[in-house]
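Thanks for coming, everyone. Let me put today's chain on the screen and walk you through it.

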Amino acid sequence: MSREERGIAPASVISDRGAEQEAPRWRRDFPIDWAEDDYVSRRDLVKFMVLTSGAFAVGQLWILYKSLFRRHAPAGAARPIASVEELPVGGAKTFNYPEGSTPRLLVRTGERAFVAYDQQCTHLQCPVVPAVEQGKLHCPCHNGWFDLQTGVPLAGPPQRRLPRVLLEVQGQTVFATGVEDSAT
Ligand code: FES
(Lines give C-alpha, C1' and ligand atoms only; values in the text may rest on other atoms or scores of the structure.)
Protein backbone atom coordinates (compact mmCIF):
# COMPACT_ATOMS: atom_id res chain seq x y z
CA MET A 1 0.00 0.00 0.00
CA SER A 2 1.43 3.39 -0.99
CA ARG A 3 1.94 6.28 1.41
CA GLU A 4 -0.83 8.25 -0.33
CA GLU A 5 -3.28 5.30 0.02
CA ARG A 6 -2.47 5.14 3.73
CA GLY A 7 -3.29 8.83 3.99
CA ILE A 8 0.26 9.74 4.88
CA ALA A 9 1.72 12.92 3.52
CA PRO A 10 4.76 12.42 1.37
CA ALA A 11 7.88 12.51 3.46
CA SER A 12 10.25 15.31 2.71
CA VAL A 13 13.13 13.10 1.83
CA ILE A 14 16.19 14.88 0.60
CA SER A 15 16.89 13.25 -2.71
CA ASP A 16 20.12 14.73 -3.94
CA ARG A 17 22.98 16.93 -2.99
CA GLY A 18 21.44 20.00 -4.65
CA ALA A 19 18.23 19.66 -2.69
CA GLU A 20 20.24 19.01 0.45
CA GLN A 21 21.99 22.31 -0.02
CA GLU A 22 18.66 24.14 -0.52
CA ALA A 23 16.79 22.56 2.42
CA PRO A 24 16.83 24.53 5.65
CA ARG A 25 19.06 23.24 8.37
CA TRP A 26 16.20 22.04 10.58
CA ARG A 27 14.81 19.96 7.69
CA ARG A 28 18.10 18.15 7.40
CA ASP A 29 18.10 17.42 11.13
CA PHE A 30 14.45 16.27 11.16
CA PRO A 31 13.75 14.72 7.73
CA ILE A 32 10.61 12.74 8.76
CA ASP A 33 7.23 14.50 8.80
CA TRP A 34 4.97 14.40 11.82
CA ALA A 35 2.35 12.13 10.20
CA GLU A 36 4.99 9.64 9.16
CA ASP A 37 6.54 9.73 12.59
CA ASP A 38 3.14 8.99 14.18
CA TYR A 39 2.52 6.10 11.80
CA VAL A 40 5.91 4.52 12.50
CA SER A 41 5.50 4.94 16.26
CA ARG A 42 2.11 3.23 16.35
CA ARG A 43 3.32 0.41 14.17
CA ASP A 44 6.39 -0.04 16.36
CA LEU A 45 4.26 0.05 19.49
CA VAL A 46 1.96 -2.67 18.14
CA LYS A 47 4.94 -4.75 17.11
CA PHE A 48 6.50 -4.28 20.53
CA MET A 49 3.27 -5.27 22.30
CA VAL A 50 2.81 -8.37 20.15
CA LEU A 51 6.39 -9.48 20.74
CA THR A 52 6.21 -8.76 24.48
CA SER A 53 2.91 -10.59 24.86
CA GLY A 54 4.26 -13.52 22.87
CA ALA A 55 7.38 -13.72 25.03
CA PHE A 56 5.27 -13.49 28.18
CA ALA A 57 2.94 -16.28 26.98
CA VAL A 58 5.89 -18.52 26.08
CA GLY A 59 7.44 -17.86 29.50
CA GLN A 60 4.20 -18.78 31.28
CA LEU A 61 3.85 -21.98 29.27
CA TRP A 62 7.45 -22.91 30.08
CA ILE A 63 6.88 -22.37 33.81
CA LEU A 64 3.68 -24.44 33.64
CA TYR A 65 5.47 -27.23 31.80
CA LYS A 66 8.36 -27.24 34.29
CA SER A 67 5.96 -27.21 37.21
CA LEU A 68 3.93 -30.17 35.89
CA PHE A 69 7.06 -32.06 34.92
CA ARG A 70 8.65 -31.60 38.34
CA ARG A 71 5.54 -32.58 40.27
CA HIS A 72 5.10 -35.75 38.28
CA ALA A 73 8.77 -36.61 38.01
CA PRO A 74 9.45 -40.22 38.91
CA ALA A 75 11.03 -40.74 42.31
CA GLY A 76 14.23 -42.01 40.76
CA ALA A 77 16.33 -44.97 41.73
CA ALA A 78 17.07 -45.57 45.39
CA ARG A 79 20.69 -44.82 46.18
CA PRO A 80 22.65 -45.43 49.38
CA ILE A 81 23.82 -42.11 50.83
CA ALA A 82 25.09 -43.05 54.29
CA SER A 83 25.45 -45.86 56.80
CA VAL A 84 23.55 -45.58 60.08
CA GLU A 85 26.70 -45.69 62.23
CA GLU A 86 28.44 -43.11 60.10
CA LEU A 87 26.60 -40.24 61.85
CA PRO A 88 26.02 -39.72 65.57
CA VAL A 89 22.54 -38.64 66.62
CA GLY A 90 22.46 -34.91 65.86
CA GLY A 91 25.16 -35.33 63.18
CA ALA A 92 24.81 -34.26 59.57
CA LYS A 93 26.46 -34.69 56.20
CA THR A 94 25.99 -33.37 52.70
CA PHE A 95 25.38 -35.53 49.65
CA ASN A 96 24.07 -35.30 46.10
CA TYR A 97 20.90 -36.98 44.98
CA PRO A 98 20.36 -37.61 42.17
CA GLU A 99 23.94 -37.52 40.94
CA GLY A 100 24.96 -33.95 40.05
CA SER A 101 22.13 -32.32 42.02
CA THR A 102 22.54 -29.29 44.24
CA PRO A 103 23.92 -30.26 47.68
CA ARG A 104 21.47 -32.02 50.03
CA LEU A 105 21.76 -32.17 53.79
CA LEU A 106 21.21 -35.41 55.73
CA VAL A 107 20.58 -35.06 59.48
CA ARG A 108 20.31 -37.90 61.97
CA THR A 109 17.54 -36.98 64.41
CA GLY A 110 17.24 -40.24 66.36
CA GLU A 111 18.49 -43.83 66.65
CA ARG A 112 17.03 -44.77 63.28
CA ALA A 113 15.49 -41.45 62.29
CA PHE A 114 16.91 -39.28 59.53
CA VAL A 115 15.71 -36.29 57.54
CA ALA A 116 17.20 -34.79 54.39
CA TYR A 117 16.56 -31.56 52.50
CA ASP A 118 17.98 -29.45 49.78
CA GLN A 119 20.77 -27.55 51.50
CA GLN A 120 20.04 -24.32 49.63
CA CYS A 121 17.83 -21.90 51.51
CA THR A 122 14.64 -21.09 49.58
CA HIS A 123 15.24 -17.38 50.09
CA LEU A 124 18.53 -16.63 48.31
CA GLN A 125 20.16 -20.06 48.29
CA CYS A 126 22.66 -19.78 51.13
CA PRO A 127 23.46 -23.16 52.68
CA VAL A 128 21.36 -24.01 55.72
CA VAL A 129 22.93 -25.61 58.78
CA PRO A 130 21.28 -27.93 61.30
CA ALA A 131 20.37 -26.67 64.78
CA VAL A 132 19.27 -30.10 65.98
CA GLU A 133 18.87 -29.24 69.65
CA GLN A 134 16.34 -26.56 68.63
CA GLY A 135 14.62 -28.87 66.12
CA LYS A 136 15.38 -26.42 63.32
CA LEU A 137 17.56 -25.66 60.34
CA HIS A 138 19.17 -22.24 60.30
CA CYS A 139 20.15 -20.02 57.40
CA PRO A 140 22.76 -17.58 58.72
CA CYS A 141 22.61 -15.24 55.71
CA HIS A 142 19.41 -13.45 56.74
CA ASN A 143 18.53 -15.38 59.89
CA GLY A 144 16.01 -17.71 58.26
CA TRP A 145 14.68 -20.72 60.17
CA PHE A 146 13.07 -23.98 59.01
CA ASP A 147 11.41 -26.81 60.92
CA LEU A 148 13.78 -29.77 61.01
CA GLN A 149 10.98 -32.35 60.75
CA THR A 150 9.09 -30.77 57.86
CA GLY A 151 11.34 -28.18 56.19
CA VAL A 152 8.58 -25.57 56.58
CA PRO A 153 9.87 -22.00 57.06
CA LEU A 154 9.39 -20.75 60.63
CA ALA A 155 11.02 -17.33 60.72
CA GLY A 156 12.97 -14.85 58.64
CA PRO A 157 12.64 -14.14 54.92
CA PRO A 158 12.11 -17.68 53.48
CA GLN A 159 8.54 -18.26 52.29
CA ARG A 160 8.82 -21.73 50.75
CA ARG A 161 9.73 -24.93 52.48
CA LEU A 162 12.94 -26.78 51.71
CA PRO A 163 12.58 -29.52 49.09
CA ARG A 164 12.71 -32.78 51.03
CA VAL A 165 14.67 -35.88 50.02
CA LEU A 166 12.66 -39.05 50.71
CA LEU A 167 14.61 -41.61 52.72
CA GLU A 168 14.45 -45.27 53.62
CA VAL A 169 16.59 -46.98 56.24
CA GLN A 170 17.25 -50.61 55.39
CA GLY A 171 19.48 -52.50 57.80
CA GLN A 172 22.45 -50.23 58.42
CA THR A 173 22.08 -48.22 55.23
CA VAL A 174 20.23 -44.98 54.55
CA PHE A 175 18.82 -44.74 51.02
CA ALA A 176 17.57 -41.69 49.18
CA THR A 177 14.51 -42.70 47.17
CA GLY A 178 13.15 -39.47 45.72
CA VAL A 179 12.82 -35.73 46.05
CA GLU A 180 9.66 -33.90 47.08
CA ASP A 181 9.30 -30.52 45.42
CA SER A 182 8.92 -27.54 47.76
CA ALA A 183 5.60 -26.74 46.00
CA THR A 184 4.00 -30.08 46.99
S1 FES B 1 19.34 -16.80 52.01
FE2 FES B 1 18.47 -17.83 53.68
S3 FES B 1 17.44 -16.35 54.78
FE4 FES B 1 18.21 -15.29 53.06
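Start at the N terminus and read along: the elements run α-α-α-β-β-β-β-β-β-β-β-β-β. That makes three helices and 10 strands. Both kinds are DSSP runs, numbered from the N terminus: helices are H or I with at least four residues, strands are E with at least two.

Two notes on the source. This is a predicted model, where local features need pLDDT of at least 70 and side-chain atom pairs count only at pLDDT 80 or more, while totals for chains, interfaces and linings use all residues. Residues are numbered from 1 along each chain as its sequence is written.

Now, burial. The chain has 184 residues, and 18% of them count as buried. Buried means 20 or more other C-beta atoms within 10 Å of a residue's own; exposed means 12 or fewer; partly exposed is in between; and the C-beta atoms are placed from the backbone.

Next, contacts. Two residues are in contact if their C-beta atoms, placed from the backbone, lie within 7 Å. Take the contacts with a separation of 6 or more: 33% of them are between residues 24 or more positions apart.

On to the core. Which residues have the most contacts inside the largest nonpolar core? They are Leu106, Ala116 and Tyr117, in a core of 21 residues. By nonpolar core I mean a set of buried Ala, Val, Leu, Ile, Met, Phe, Trp, Tyr and Cys residues joined through C-beta atoms within 7 Å. The elements giving two or more residues to this core are β1 (79-83), β3, β4, β6 and β10 (173-180). β4 gives the largest share, four residues. Look at Ala116 itself. Leaving out residues up to four places away in sequence, Ala116 touches Arg104, Leu105, Leu106, Arg164, Val165, Leu167 and Ala176.

Now the strand pairing. In general, strands of a sheet pair through backbone hydrogen bonds, either parallel or antiparallel. Here, two strands pair if DSSP finds at least two bridges between them.

Find the open sheet of four strands. Its order is β5-β6-β7-β8, and the pairing is antiparallel. β5 and β8 (153-155) are the edge strands, each pairing on one side only. On average, neighbouring strands of this sheet are turned by 35 degrees against each other, direction ignored. The axes behind that angle are lines fitted to C-alpha atoms, for helices over the stretch in contact, and angles run from 0 to 180 degrees between N-to-C directions. β5 and β6 run antiparallel, joined by three bridges. Val129 stands opposite His138 in β6.

Move to β2 and β3. They pair antiparallel over five bridges. Asn96 has Pro103 in β3 as its bridge partner. The two strands form a hairpin with six residues between them, and Gly100 in the turn has a positive phi of about 85 degrees. In the loop between β2 (92-96) and β3 (103-108) you also find Pro98. The peptide bond joining Tyr97 and Pro98 is cis, with omega about -10 degrees.

The phi of Gln125 is near 70 degrees. Gln125 lies in the loop between β4 (114-118) and β5 (129-131). Is Gln125 buried or partly exposed? Partly exposed, because 13 other C-beta atoms lie within 10 Å. Then Asn143, with a phi of about 60 degrees. Asn143 is in the loop between β6 (136-139) and β7 (144-147). Asn143 has 10 C-beta neighbours inside 10 Å, so Asn143 counts as exposed.
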